[in-house]
Amino acid sequence: MLEVRNLTKRFGGLVAVSDASLDVPEGAIVGLLGPNGAGKTTCFTIIAGFTRADSGSVRLNGQDITGMAPHRICGLGMVRTFQIVQPFAGLTVQENIAVGAYLRHDNRRDAMAEARAIGKRLGMGAMLDRPASSLTIAGRKRLEIARALATGAKLLLLDEVMAGLIPTEVTEIVGIIRQIRDEGHTFLMIEHVMQAVMSLAETAYVLNYGKMIAQGTPRQLVRDPAVVEAYLGHGAAARLQEAEHA
Ligand SMILES: Nc1ncnc2c1ncn2[C@@H]1O[C@H](COP(=O)(O)OP(=O)(O)OP(=O)(O)O)[C@@H](O)[C@H]1O
């Protein structure tokens, strides 16, 4: 469904993303992992059309969307969420979700009806008429997913939707993502919460200093010495093995 090939993005002298490629098959949940500053969010901003890459290409359902504007990409069925969730504080939760729905509905009544249905599906029924400013972090993360879903996009790029949540809230969002996938959606997700990655992603990619250093099942990746060293530093894999055998 999504084919990303050889993306490179420089900020001055810093190569934030370097020749990175990945694939997301339809119906999959794919993880994008890596330590802080590895280039994950920059990859998302390029894929979703918010930044232009210096080189490389992005194809969605076979169509070349490289350099296309975010709203056009969204219209073709792919949308991203943001790590720092910023709802329209003066609008209700339902009105915030409706902002996404206006992409495919040109009148308020239909957009609001769609927003209500999606909010209920995501367990937000009791919050719909409250101002978005009253939501907890967990509520805001749900709202972010709801707003993305309301656009009608089938491929969702989730940027750290579990960050800042307590374990029971993580479990709830994991359940919601699984439910949305079963209803016919596909996910590429940046995630640091390993409990969520382990239980959701069938496959994941690991970025380090902008380069894709590994791909595999989450279980394979946590045992991959290159991945362990990317997170814990040079020599960490050997030290961990020694400690295990001591
Ligand atoms: N607009 C920008 N201008 C200059 N440097 C940038 C810009 N955006 C990102 N960077 C740099 O590019 C590198 C990759 O950043 P990015 O936010 O993509 O990493 P990340 O893997 O998403 O990190 P995190 O897990 O901390 O969110 C970092 O060194 C960052 O400081």
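**Entry 1: the sheet.** In what order do the six strands of the open sheet stand? I read the order as S6-S7-S8-S3-S9-S10, with mixed pairing. Strands and helices here are DSSP runs numbered from the N terminus (E, at least two residues, for strands; H or I, at least four, for helices), and two strands pair if DSSP finds at least two bridges between them. Strand S6 (78–80) and strand S10 (211–216) are at the edges with a single partner strand each, so one side of each has no neighbour in the sheet. From one strand to the next, the twist averages 15 degrees.

**A note on the source.** This is a predicted model, in which local features need pLDDT of at least 70 and side-chain atom pairs count only at pLDDT 80 or more, while totals for chains, interfaces and linings use all residues. Residues are numbered from 1 along each chain as its sequence is written.

**Entry 2: strand pairs.** I went through three of the pairings.

- S6 pairs with strand S7 (residues 155–159) in the parallel sense over three bridges, and Arg80 is opposite Leu157 in S7.
- Strand S3 (residues 29–33) and S9 are also paired in the parallel sense, over four bridges; here Leu32 faces Tyr205 in S9.
- S9 and S10 pair in the antiparallel sense over five bridges, with Leu207 opposite Met212 in S10.

The hairpin of S9 and S10 has two residues between the strands, and Tyr209 takes a positive phi near 50 degrees there.

**Entry 3: a helix on the sheet.** I found helix H9 (residues 225–232) lying across strand S9 (203–208) and S10, at about 130 degrees to S10. Axes are lines fitted to C-alpha atoms, for helices over the stretch in contact (C-beta atoms, placed from the backbone, within 7 Å). Angles run from 0 to 180 degrees between N-to-C directions.

**Entry 4: Ala111.** Is Ala111 buried or exposed? Ala111 sits in helix H4 (residues 108–121) and is buried, because 22 other C-beta atoms lie within 10 Å; the cut-off for buried is 20 or more, with C-beta atoms placed from the backbone. Leaving out residues up to four places away in sequence, Ala111 touches Ala98, Ala101, Tyr102 and His105.

**Entry 5: the ligand.** Which residues surround the ligand? I listed Phe11, Leu14, Ala16, Gly34, Asn36, Gly37, Ala38, Gly39, Lys40, Thr41 and Thr42, where near means a C-beta atom, placed from the backbone, within 6 Å. Strand S2 (14–24) and helix H1 (40–47) are the elements giving two or more residues to this shell, and H1 gives the most, with three.

Terms used. A residue is buried if 20 or more other C-beta atoms lie within 10 Å of its own, exposed if 12 or fewer, and partly exposed in between; C-beta atoms are placed from the backbone. Two residues are in contact if their C-beta atoms, placed from the backbone, lie within 7 Å.
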